[in-house]
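Thanks for coming, everyone. Please look at the model first.

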Amino acid sequence: MFDYIEIERVEKLTKEEFIKNYYKPQKPVVITNQIEDWPAFTKWNLEYIREVAGDKIVPLYDSRKTDYTKKVNEPDSKMSMSDYIDLLRKGPTDLRIFLYNLMKDVPSLKSDMRWPKLGIRLIKSLPLVFFGGEDAKVFMHYDIDLSNIFHIHFDGKKQCVLVDPKDTKYMYRLPYSWICNEDIDFDNPDFEKFPALKQIRPYITNLQHGEMLYMPEGWWHYMKYLTPGFSVSLRALAGNPKNLFQGFKNMFFIRNYDNWMRKRKGQAWLDYKDEEAFKRTNALLK
C-alpha cells in the first residue's frame, strides 16, 4: 500500500487565505463550511436530481479499458437520469456519469449555486457533474486543460486520491494521454509490476456532503465512490503560462492526434502506448 498524506482540511476560507496558502503554492485542500449558504446545500440529493432531471438522457462510462474504436471521453452507454438513479439505489455498479454539463440541460440548477469568491476566475459555462454508485472508480488521470478545480461533493461519501505533478515521471503515463497504465490498481498497487510507483506519495481524503476539494493545476486524481452520490467541478484556467499553453496544446492538437492514430492503427496504437509507458518510466529506475 501507499504511504498516504492526508489532505489538509480547513473551515471557510477568505479570498486572501486561499490565494496565499493554497493557490500560489499550488497545494490541495479540503474546504468545509464554504457552501452552507447555497440552496444546493440543503436541496441537492439524488432524489432531487431525479425530480428536476429524471427525463434527461445522460452519458455513462464503465470500468473497461480504453477501446481504440472510441474517441477520447466517448461514453460507453446512455440512459435516462431516472433509470440511472434507480440503478445506483439497487447496489454497487461501475457505471458513472463523467464530465456532464447537467446545468446546460437543466438551467434551474444554477440558481441553487453560488460561485465561490476565492480570487480565481471560474468558467461559469462549465459546471460539470460526476455521478457514481457504491464502489464505482474514476481512473487515475489529470485534466486535459490543466485547470484549477473546485470539486464539491453531494449526497454521500467519496474517496479522493491525488498525486503531485512532480511525480508524473513515475506514474506510467501513456504517451499522448493524460492517464496512466490502466492495469494499475491504485487501491492495491502491484509494486513488482510497477516498481516506479514506490517513488510517489499520494495525498488522500474522504469528501462528505457539502465539502469542497481544491485540486491545483495538473494534479493527478483517482476517485472512488464509497456510497452513491455526485459531485460538481468548477474550473478556472491554469494560472501558470506553461500549463495554460500545454492545456491548449492537449485539447486542440494532442487529443486530435491520438484519435487519428486510434483510427489509423487500432489496437496496435494502444499497445504501443502501454509499452512506451513501461519503457520510459522503468528507465528512470536504472
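Start with the largest cavity. Its lining is made of Tyr142, Asp143, Ser147, Ile149, Met215, Pro216, Gly218, Trp219 and His221. By class, that is five nonpolar residues, three polar and one charged. The space inside comes to about 30 Å³. How many cavities of 30 Å³ or more does a search of the whole structure find? One. Keep in mind that this is a predicted model.

Next, the second largest pocket. About 350 Å³ of space lies there. Sixteen, written 16, is the number of residues that line this pocket. Nearest its centre are Tyr142, Leu146, Arg173, Gln246 and Asn250. We have met Tyr142 already, in the lining of the largest cavity. Which helix gives the most to the lining of the pocket? Helix H6, residues 241-265, with five residues. The classes here are seven nonpolar, six polar and three charged.

Now back to Asp143, the cavity-lining residue. Its side chain makes a polar contact with the side chain of Arg235, at 2.9 Å. Arg235 sits in strand E14, which covers residues 229-236. Is Arg235 buried or exposed? Its relative accessible area is 6%, so Arg235 counts as buried. Look at what surrounds this arginine. Leaving aside neighbours within four places in sequence, Arg235 is in contact with Arg121, Leu122, Ile123, Leu126 and Leu128, among others. That list also includes Asp143, Asp145, Ser147, Asn148 and Ile149. Ser147 and Ile149 line the largest cavity as well.

On to Pro127. This proline lies in the loop between helix H5 (102-105) and strand E7 (128-132). Pro127 is buried, because its relative accessible area is 1%.

Let's turn to the nonpolar cores. In soluble globular proteins, nonpolar side chains tend to be buried together. Here, the largest nonpolar core has 43 residues. Which members touch the most other members? Phe18, Trp44, Ile49, Met81, Leu102, Phe131 and Phe150. Take Met81 as one of them. Beyond four places in sequence, Met81 touches Ile49, Ala53, Gly54, Lys56 and Val58, among others. Ile97, Tyr100, Leu102 and Phe131 are on the Met81 list too. There is also a second, separate core, with 23 residues. Cys180, Ile184, Leu197 and Tyr222 are among its members.

Last stop, Glu11. This residue lies in strand E2, residues 9-11. Is Glu11 buried or exposed? Its relative accessibility is 57%, so Glu11 counts as exposed. Which residues does Glu11 touch, not counting those up to four places away in sequence? Ile31, Thr32 and Asn33. With Asn33 there is a side-chain to side-chain polar contact, at 3.1 Å. The C-alpha atoms of Glu11 and Asn33 are separated by 5.7 Å, and the two residues are 22 apart along the chain.

Arg235 is buried and pairs with Asp143 through a polar contact. Glu11 is exposed and makes its polar contact with Asn33.

Note on methods. Residues are numbered from 1 along each chain as its sequence is written. This is a predicted model: local features need pLDDT of at least 70, side-chain atom pairs count only at pLDDT 80 or more; totals for chains, interfaces and linings use all residues. Side-chain values use heavy atoms; hydrogens and water are left out. A nonpolar core is a set of buried Ala, Val, Leu, Ile, Met, Phe, Trp, Tyr and Cys residues joined through side-chain atoms within 4.5 Å. Buried means under 20% relative accessible area, exposed over 50%, partly exposed in between (1.4 Å probe, protein chains only). Contact means heavy atoms within 4.5 Å. On a 1 Å grid over the protein atoms alone, a cavity is a set of points where a 1.4 Å probe fits but cannot get out, and a pocket is an open set with protein on both sides within 12 Å along at least five of seven lines; lining residues have an atom within 4 Å of a point. Grid points are joined across faces, edges and corners, and a volume is the space filled by probe spheres set on the points. Helices (H or I, at least four residues) and strands (E, at least two) are DSSP runs, numbered from the N terminus. Ala, Val, Leu, Ile, Met, Phe, Trp, Tyr, Cys and Pro count as nonpolar, Asp, Glu, Lys and Arg as charged, and the others, Gly among them, as polar. A polar contact is a pair of N or O atoms within 3.5 Å; within protein, one must be able to donate a hydrogen and the other to accept it, and residues adjacent in sequence count only if both atoms are side-chain atoms.
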